[in-house]
Amino acid sequence: MNELGDLYQEVILDHYKKPRNFGTLEGATGAAQGDNPLCGDRLALQVKLSGDRIDDLRFRGSGCAISTASASLMTEAVKGKTKAEAMGIFERFHPMVTGRGGGNDLGKLEVFSGVSEFPVRVKCATLAWHTLRAALEGRTDPVSTE
Amino acid sequence: MKATTESRPSLDVGKLREEFPILASRVHGKPLVYLDNAATTQKPRAVIEAARRYYEEQNSNIHRGVHALSERATKAFEDVRVKVARFMNAADPREVVFVRGTTEAINLVARSWVRPLLEPGDEILITHLEHHSNIVPWQLLRDEAGAVLRVAPIDDRGEVPFEEFERLLSPRTRFVSIAHVSNALGTVLPVRRMIEAAHRAGATVLVDGAQAVAHAKVDVRALGADFYAWSGHKLYGPTGVGVLYGKLEHLERMPPYQGGGDMILSVTFEKTTWNRVPHKFEAGTPDIAGVIALGPAIDFLEATGMDAIAAHERDLLRHATERLSAVPGLRIFGTAREKAAVLSFNLEGVHPHDVGTILDQEGVAIRTGHHCAQPVMERYGVAATARASFGLYNTREEADALVAALGRVAEVFRT
């Protein structure tokens with residue numbers, strides 16, 4: 001039960017039920033699609049860059065609580081950041097959700113630390129981030145968690 | 001798959017369960033409730049023992065050695081072929097080809113039987129509820145041979161309306177490949193009738209029996225199937241071994257699928273003579289332990305009784321359907337009138353992946369996802385479902401445990 005409580009924290013359920021930055025972005029400068037073949041989930045992400053800075057971003061798609069909340073919280077975390085800063089966050093987020101430590105400076109994103117107890121769910125938590133990286137790198141082929 | 005009409009299941013499930021060591025285990029501190037039998041079934045002690053005994057007492061290669069061990073292993077291996085032939089009511093053990101599983105069996109038939117038949121514009125007919133392994137091999141052939149892939153639709157219940165299927169049969173139809181039982185919905189297809197219709201149209205037929213063989217008596221001759229494929233691991237047997245049944249007259253006409261050892265009579269650089277059927281299709285050293293351990297799985301099913309198993313699972317399906325239908329916000333996908341004990345469902349407001357994780361914490365193992373049947377998911381407008389699938393060792397109490405665990409999902413998600 002404790003582990004379940006760690007996974008489905010209040011913040012995660014809130015962002016799952018009411019995802020932020022959800023929908024279509026006017027004037028997007030980049031986009032990418034992420035697939036999780038394990039569950040068939042798809043995530044479409046649009047970004048609007050000005051220079052090196054992420055001015056705005058939105059996502060669409062249907063996913064589980066973890067992937068939806070992760071996408072939602074990610075959009076909040078990286079909005080206004082430079083590309084390098086955003087990827088720097090992912091570099092600290094990834095070891096946290098895979099149980100390799102760190103993550104104590106990630107603010108709200110720390111709610112995903114419980115994911116490390118559920119190895120099969122790591123891909124749900126990282127799908128949005130992989131998709132963001134593809135969008136920032138201007139890749140057009142869909143990224144996959146497999 | 002038509003059931004006989006016993007009124008009460010006559011299985012001593014408690015006693016049967018003792019034969020499956022894994023069923024006594026605990027998951028996250030809870031007794032394991034294993035409801036993922038459509039993915040793979042658990043193995044009775046006799047199957048595990050047979051594999052162990054092979055390695056301890058018989059291990060050697062088959063069909064080649066003159067020494068005692070090889071003779072023993074060869075006999076044990078070939079005895080299972082005879083047993084499988086009897087189990088499916090094949091006319092001849094040579095009609096039983098050992099493969100890795102259903103997927104390989106379908107690919108073998110696609111390559112060696114269907115490919116040589118195809119002219120550009122010829123048609124292959126499947127249904128909307130097929131597993132990816134009965135879709136993709138045909139797409140590969142279609143693209144290679146310029147053939148056309150036709151798909152018989154399903155209705156809201158998950159049934160394939162017979163008239164629609166029949167209407168898609170044409171003089172161009174060369175081959176029909178259909179599931180006996182849908183892995184995602186549980187629908188039992190009227191394969192006998194469909195085969196008759198296909199034959200009238202001049203097409204031969206493969207039946208994907210992966211979800212059927214362990215749940216009711218299958219008689220390939222009564223069905224009239226040209227080919228019938230299944231996997232050992234869904235029949236309480238080992239992984240890595242499956243069966244392709246093919247009518248002898250077809251198998252004799254087919255070129256080999258893979259080249260290698262054991263499938264030839266003689267090899268020179270100029271010319272190679274194929275071995276006889278079925279060895280022609282069994283290149284290389286097979287999963288000998290797997291085939292040998294498949295024997296006791298069949299013995300186990302026959303001793304238990306296929307009719308008794310079917311009746312027991314029908315009872316479980318009825319009970320589980322009733323209980324699940326009473327869960328608020330739960331929608332069942334697949335309500336065919338003829339159905340195997342497979343229940344695909346979703347809980348409103350909760351993704352099946354999350355349902356699966358929470359159920360697992362309660363010790364309840366189910367499958368979540370698209371079940372390698374994405375066209376089925378699309379038909380119902382969902383990306384994924386949760387699926388509980390029952391086997392001969394499951395009980396009504398386990399169906400109740402599933403429902404109780406779903407209560408936990410509602411608690412966690414406050415739905």
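I began with burial in chain B, where 51% of the 415 residues count as buried. I note at the outset that this is a predicted model, and I read every value below as computed from it.

Entry 1, overall form of chain B. I looked up the secondary structure and found that chain B comes to 14 helices and 17 strands. Along the principal axes, the C-alpha atoms of chain B fill a box of roughly 75 × 55 × 40 Å. I then checked the radius of gyration: a compact globule with 415 residues would have a value near 22 Å, and chain B has 22 Å, which agrees. Turning to contacts within chain B between residues at least 6 apart in sequence, I found that 71% of them join residues at least 24 apart.

Entry 2, helix H11 of chain B. I took up H11(B), residues 306–325, and tested its length: at 1.5 Å a residue, its 20 residues should span 28 Å, and the end C-alpha atoms are 28 Å apart, so the two agree. I next listed the buried residues in H11(B), which are B:Ile309, B:Ala310, B:Ala311, B:His312, B:Glu313, B:Leu316 and B:Ala320. I also asked what covers them, and the cover includes helix H10 (288–304), strand S14 (342–347), strand S17 (385–389) and H14 of chain B.

I found 15 residues of chain B in contact with 15 residues of chain A. On the chain B side, at least two residues each are supplied by helix H12 (352–361), strand S16 (367–369), helix H13 (374–379) and helix H14 (396–413); H12(B) gives the most, with 5 residues.

I looked at helix H2 (residues 10–17) and helix H3 (residues 65–78) of chain A, whose axes come within 8 Å and cross at roughly 85°, which makes H2(A) roughly perpendicular to H3(A). From H2(A), A:Ile12, A:Leu13, A:His15 and A:Tyr16 meet A:Ala65, A:Ile66, A:Thr68, A:Ala69, A:Ser72 and A:Leu73 in H3(A). I divided the residues of this contact into 7 nonpolar and 3 polar, with no charged residue among them.

Technical notes. Residues numbered from 1 in each chain as written. Chains lettered and ligands numbered in written order. Predicted model: local features only at pLDDT ≥ 70, side-chain atom pairs only at ≥ 80, totals over all residues. Axes fitted to C-alpha atoms, helices over the stretch in contact; angles between N-to-C directions. Helix = DSSP H or I, 4+ residues; strand = E, 2+ residues; numbered from the N terminus. Parallel < 35°, antiparallel > 145°, perpendicular 65-115°, else oblique. Contact = placed C-beta atoms within 7 Å. Nonpolar A, V, L, I, M, F, W, Y, C, P; charged D, E, K, R; others polar. Expected span 1.5 Å × (residues − 1). Buried ≥ 20, exposed ≤ 12 C-beta atoms within 10 Å, placed from the backbone. Rg over C-alpha atoms; globule rule 2.2 N^0.38 Å.
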